Amino acid sequence: TTTSSTTTPSTSSSTTTSSTTTPSTSSSTSPELVKCEKPRGGVREVVELVTVRESRVYTEGVEQYQEDTGELVVGKSSTSPLKMSVLKFDLSGLKELQQKKNIWIYESYLFLTVKEGSEGVDPWKEQQTIIHPLKVDFNSITPTVLISEQNIREETGVFPAIKVEPYMDRRVYTDFTKTIHTVISPYNKNKNKEYYGIALVSSFTDGSDPSTGTKDLRYYDFSNETESINEKFIPHIDVCYKEVKIRECEKPHTKVVMTDVVSSTVIVKRPDGTTGSLTNETLRHGQDLEGNVYRTVLKFDLSDYEDNFQDYTIPESFIHLNYLGISENEDQSDIKNQDCHCLRDTGRVGRGDG
């Protein structure tokens, strides 16, 4: 049995949304930050740090880490070497749902609270905090060079720049979708990367080396003290997801083969009658608000089934696509099933079963 599959890039992974707000530390009615948008028929779930063992602060060149201090620290001050903070939210429940029910995570945000003040001497340099998935577990982090390929993976998110030294507690957030997709993959559950947590590292907006800093940046961490000030200051993420039913070849079967996509092309017909093609684009079909009409052409590698002297019995086969959503301002009630057609070498189009 052959199962054909392809994937489309997640729209949320190509852009980063971040922002700040400035509530009073004593207020119980702080303004709400953005929330991930729950898909129709889906769920919004909030995951908080719940123990002091889910976060640490590492100092470059120092073997001993800091834990249960009530704060996360990034950057370098005039009195301390470069610091990096790590967090590990409990995603076990979501990972189990993915394995059992094929959930799709549409959107996610990470929320932190900047602490008033910093350590070090003036001047303050404009800086921002970058998110990197960890490459190793907490106990395997090498402090010799913190920000290295040995400890962290490529950047997956960035918080808004802090232009002046924090003079009050300030809640901030940034898009976490790309980060969580590395460990709960939207493309295939077998493509999940090992989850060790995330690292928060400092970066100067002028591109200078973070090890040259003289003032660090601090965030609230999980602690009883943080809860007593404002429980919303505890680091947390929200995750919006939906169960997606995926048809697969039914057992018993002799063999299941995953075939590669050789090429994918999006053909567009414009309102003026001209046509064109787009490659390396998100797959799309239908008509957008500007009147452009799109069709997608996929070619799969079927070379294993081209032997003229052999018969092939293929009782079932499925094409797997990842649905990203409809165009802006479109009505979701208009969503319909889409036909799948076979393009023959003669140029004729044969209608498929899909």
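Lys 215 counts as buried at 9% relative accessibility, where buried means under 20% relative accessible area, exposed over 50%, and partly exposed in between (1.4 Å probe, protein chains only). The structure is a predicted model, in which local features need pLDDT of at least 70 and side-chain atom pairs count only at pLDDT 80 or more, while totals for chains, interfaces and linings use all residues. Residues are numbered from 1 along each chain as its sequence is written, and side-chain values use heavy atoms, with hydrogens and water left out.

The partner of Lys 215 is Glu 165, and the two form a salt bridge with their closest N and O atoms 2.5 Å apart. A salt bridge is a side-chain nitrogen of Lys or Arg within 4 Å of a carboxyl oxygen of Asp or Glu. This pair links distant parts of the chain: Glu 165 is in the loop between strand S9 (157-158) and strand S10 (170-175), and Lys 215 is in the loop between S11 and S12, 50 residues apart. Helices (H or I, at least four residues) and strands (E, at least two) are DSSP runs, numbered from the N terminus. Glu 165 is partly exposed, at 25% relative accessibility.

In total, the structure holds 10 salt bridges. Three of them are listed here.

| Salt bridge | Closest N to O distance |
|---|---|
| Glu 165 and Lys 215 | 2.5 Å |
| Asp 216 and Arg 218 | 2.9 Å |

Arg 218 is buried at a relative accessible area of 13%, whereas Glu 119 is partly exposed at 30%. Arg 218 also forms a salt bridge with Asp 216, and both of these residues are buried. Salt bridges that share partners join Glu 71, Lys 115, Glu 119, Asp 216 and Arg 218 into one network.

The side chain of Asn 230 reaches the backbone nitrogen of Lys 232 at 2.9 Å. Asn 188 is in the loop between helix H2 (177-183) and strand S11 (198-204) and is partly exposed, at 24%. The C-alpha atoms of Asn 188 and His 320 are separated by 9.8 Å, although the residues are 132 apart along the chain.

Notes:
A polar contact is a pair of N or O atoms within 3.5 Å; within protein, one must be able to donate a hydrogen and the other to accept it, and residues adjacent in sequence count only if both atoms are side-chain atoms.
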